[in-house]
Amino acid sequence: MDQTEAILIRRLQWSDTSLITIWLTRDHGKIRLLARAARRPSSPFAGKLDLFYRAEVGFSTSAKTSLHTLREVRLIEPFDAAAVPCGNVFLCGYFAELVDLCTESGHASPDIYSLLARAVGHLREKTASARALGYFEEELCRVLGIAGAADPLAALGNYCGRIPESRAPAVRFLSGGV
């Protein structure tokens, strides 16, 4: 069984009782883990699989597919979306979607993991701002090796193929338009 520190960036319903969880990990990059029976009230995963949670995850790798099996989750730092302003949640969502676009499954990216962990930690404590948005995009460009462009957003769009649609509502919220 492999273990690594990870941040939950996406959840998808797999069946009536199971979830596919997508994690950005420190040691394995982006990984997809099947959490069997995670939606049952008696699940050992109950309360541990919310977005932007930082956790130590244990998983068994599959030899046949890129979907591995989640075995255990030890929560390190929760993200209480109900206790932070909506803008913080919007911004975390944008950051997670952007990281999902610019990372490949199974390729370690400790610098991107560290950047996302710092961003989520910051948004857990401080109010979201346009400055935080710009800083994250510039730092991501630096980590990806595309820094120095006059427009970091355009550089990210070229690198990832597109900019996540979640950026527009986050920017609107930050500018007081929501």
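The legends below describe several close-up views of one predicted model.

The model is predicted, and local features are described where pLDDT is at least 70, side-chain atom pairs count only at pLDDT 80 or more, and totals for chains, interfaces and linings use all residues. Residues are numbered from 1 along each chain as its sequence is written, and side-chain values use heavy atoms, with hydrogens and water left out.

**View 1. Five strands form a closed barrel.** The strands follow the order E1-E2-E3-E5-E4 in a closed barrel with mixed pairing; strands (E, at least two residues) and helices (H or I, at least four residues) are DSSP runs numbered from the N terminus, and two strands pair if DSSP finds at least two bridges between them. On average, neighbouring strands of this sheet are turned by 50 degrees against each other, direction ignored. Helix H2 (residues 110-125) packs on the sheet and touches strand E1 (2-13), strand E2 (19-25), strand E4 (54-60) and E5, where contact means heavy atoms within 4.5 Å. The direction of H2 makes about 65 degrees with that of E1; axes are lines fitted to C-alpha atoms, for helices over the stretch in contact, and angles run from 0 to 180 degrees between N-to-C directions.

View 2. Strands of a sheet pair through backbone hydrogen bonds, either parallel or antiparallel. E1 and E2 pair in the antiparallel sense over seven bridges, and a hairpin of five residues joins E1 to E2. Across this pairing, Ile7 stands opposite Leu24 in E2. E2 and E3 also run antiparallel and are joined by seven bridges, with a hairpin of three residues leading from E2 to E3; the bridge partner of Trp23 in E3 is Ile31. Seven of the seven residues of E2 are buried, so this strand is largely enclosed by the rest of the structure; buried means under 20% relative accessible area, exposed over 50%, and partly exposed in between (1.4 Å probe, protein chains only). Leu19, Thr21, Trp23 and Thr25 are buried on one side of E2, and Ile20, Ile22 and Leu24 are buried on the other.

View 3. Strand E3 (residues 29-35) and strand E5 (residues 67-77) run parallel and are joined by three bridges, and Arg32 stands opposite Leu67 in E5. His68 also belongs to strand E5, and His68 is buried, with a relative accessible area of 14%. Not counting residues up to four places away in sequence, His68 touches Arg32, Leu33, Leu34, Phe59, Ser60, Thr61 and Ser62.

**View 4. Gly58 lies in strand E4**. Gly58 is buried, with a relative accessible area of 0%. Leaving aside residues up to four places away in sequence, Gly58 touches Met1, Asp2, Gln3, Thr69, Leu70, Arg71 and Glu72. Gly58 and Lys48 are 10 residues apart in sequence, and their C-alpha atoms are 13 Å apart in space.

**View 5. Phe95 belongs to the largest nonpolar core**. A nonpolar core is a set of buried Ala, Val, Leu, Ile, Met, Phe, Trp, Tyr and Cys residues joined through side-chain atoms within 4.5 Å. Of the 34 residues in the largest core, Leu91, Phe95, Leu116, Phe136 and Leu140 touch the most other members. The elements that give two or more residues to this core are E1, E2, H1, H2, H3 and H4, and the largest share, eight residues, comes from H1. Apart from this core lies another, of 15 residues, among them Leu19, Ile31, Phe59 and Leu70. Phe95 touches Leu116, Ala119, Leu123, Ala132, Leu133 and Phe136, not counting residues up to four places away in sequence.

**View 6. Helix H1 packs with helix H5**. H1 and helix H5 (residues 167-174) pack at an angle of about 150 degrees, and their axes are 9 Å apart. That angle makes H1 roughly antiparallel to H5, a description used for angles over 145 degrees. Cys86, Gly87, Phe90, Leu91 and Tyr94 in H1 meet Arg167, Pro169, Ala170, Phe173 and Leu174 in H5.

**View 7. The buried residues of helix H4 pack against two helices**. In H4 (residues 152-160), Ala155, Leu156, Gly157 and Cys160 are buried. The buried residues of this helix pack against helix H1 (86-102) and helix H3 (130-144). Just after H4, Gly161 takes a positive phi of about 95 degrees.

Key. Angles under 35 degrees count as roughly parallel, over 145 as roughly antiparallel, 65 to 115 as roughly perpendicular and the rest as oblique.
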